[in-house]
Amino acid sequence: MSNFQPGPEHKFTFGMWTVGNMGRDPFGEPVRPALKPLEIVRLLADVGAYGVNLHDNDLVPIDATLADRKRIVADFRNALKQHGLVVPMATTNLFSDPAFKDGAFTSNDPKVRALALQKTMQSIDLGVELGAQVYVFWGGREGTETDVCRSPLDAGKRFRDALNFLCGYVREQGYALKFALEAKPNEPRGDLYLPTTGAMLGFIPTLDYPDMVGVNPEVAHEHMAGLNFMHAVAQAWDAGKLFHIDLNDQNPGRYDQDFRFGAQNYKQAFFLVKFLEDVGYSGSRHFDAHAYRTEGAAGVKAFAAGCMRTYLILKDKAAKFNADGEIQMLLKELAAGDSATDALLGSYSSTRAAALKAHVFDRPALGARDLGYEHLDQLLFELLMGVR
Ligand code: DIG
Ligand code: MN
Ligand code: MN
């Protein structure tokens, strides 16, 4: 039995804001003390993480002087080196400061839009300096409580203009950086623009440099929209756009719970891990989650360790599923072709179209088949529950 201990090869990463979450919520004050960046690095190294990700202001306060910035970044880089952590991803906080209360890139105020570009370029510089190769854009304030304030067409154009400008900046700087767009349907705004991963995938081809831009799907955010997260990830993968991923958990129809990975929906978490491992996803397994507000320091460590242990347990279950003779035999039967019909399917030809139109189907027989999914799903359940 593997001991499910995380190692660098698993590429588990956490945002500084995750284990650094103080437990503040809209109805309550912080319950945990703030952790300094160096304490976060030490904590993540202790639990076996591979890397740490950050918003600009998770590390460098928004009003820091250049001298402050220089010292803070030097200390942080020393801590990363001392503890053997890397920074695969960085992002900008364009949602905390009141200046962005009505959006950043999509704000009606051109001064705010310009400030957002300035802040993001500075934050990109910081991320690249720390070694980031993926840059995430989560538009936490890019939305509205009432559509009276602006047309979604103007919002989309402004977001497109901002990304095109920032792609131009990255290209001119010669940074080896890819952009990953993160969708969320709502919160903290009443509605967020481009609310799902699918919406982001439809938006990317409208950009000047679409090859530089992919997506960063988050479990909780697709679940908030009532969607199947693994399907969203599969669509992104199929489009060659799965540049990063935010792992956590969430019950549908709730606020953004950002629970420990696998804490709510074991079966969906299993199918996600199986998908990522089956296709050979090589990116970070990034946990964008936080401990329950009930927890103290020990609970935060248990949260972080639990995220990674759960992933490794489900990875082991996926391997067992793929090696289970009865399950694989049933799947093989389900996937079996039919030589007579195979000739009718495939790329278009007038011959094939004529044959299809002439073919006589036994439709009642097709409807009468017993597909055996109940038995197959029960086998999966028993495998997940450890009785198989
Ligand atoms: C929230 O899901 C967002 C922010 O935490 C951050 O900007 C992004 C990076 O994963 N996710
Ligand atoms: Mn979230
Ligand atoms: Mn996220």
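This is a predicted model: local features need pLDDT of at least 70, side-chain atom pairs count only at pLDDT 80 or more; totals for chains, interfaces and linings use all residues.
Residues are numbered from 1 along each chain as its sequence is written, chains are lettered from A and ligands numbered from 1 in the order in which they are written, and side-chain values use heavy atoms, with hydrogens and water left out.

Around ligand 1 there are 13 residues, where a residue is counted as near if one of its heavy atoms lies within 4 Å of the molecule. The closest are His-55, Glu-182, Glu-218, Asp-246 and Asp-288.

Now to the domains. The chain is divided into domain 1, residues 8–318, and domain 2, residues 325–384, with bounds that come from an automatic or database domain assignment. Their C-alpha centres lie 40 Å apart, and 4 residues of domain 1 are in contact with 4 residues of domain 2, contact meaning heavy atoms within 4.5 Å. The area buried between them is about 430 Å², of which carbon and sulfur atoms give 71%; buried area here is the accessible area, taken with a 1.4 Å probe, that two parts lose on being put together, summed over both. On the domain 1 side, Lys-267, Phe-270 and Lys-317 lose the most area to domain 2, together 85% of what that side buries.

Which side chains meet in a salt bridge across this interface? The rule finds 1 such bridge, between Lys-267 and Asp-377, at 2.9 Å from N to O; the rule asks for a side-chain nitrogen of Lys or Arg within 4 Å of a carboxyl oxygen of Asp or Glu.

The structure as a whole holds 19 salt bridges. In one of them the side chains of Arg-150 and Asp-102 meet at 2.7 Å, N to O, and this pair links distant parts of the chain, 48 residues apart.

Most residues other than glycine have a negative phi, and most peptide bonds are trans. Lys-11, although not a glycine, has a positive phi of about 55°, and a cis peptide bond joins Glu-187 and Pro-188, with omega about 10°. Pro-188 sits in the loop between β6 (178–182) and β7 (191–192), and Lys-11 is in the segment before β1 (12–15), where strands are DSSP runs of E, at least two residues long, numbered from the N terminus.

Note on methods. Helices (H or I, at least four residues) and strands (E, at least two) are DSSP runs, numbered from the N terminus.
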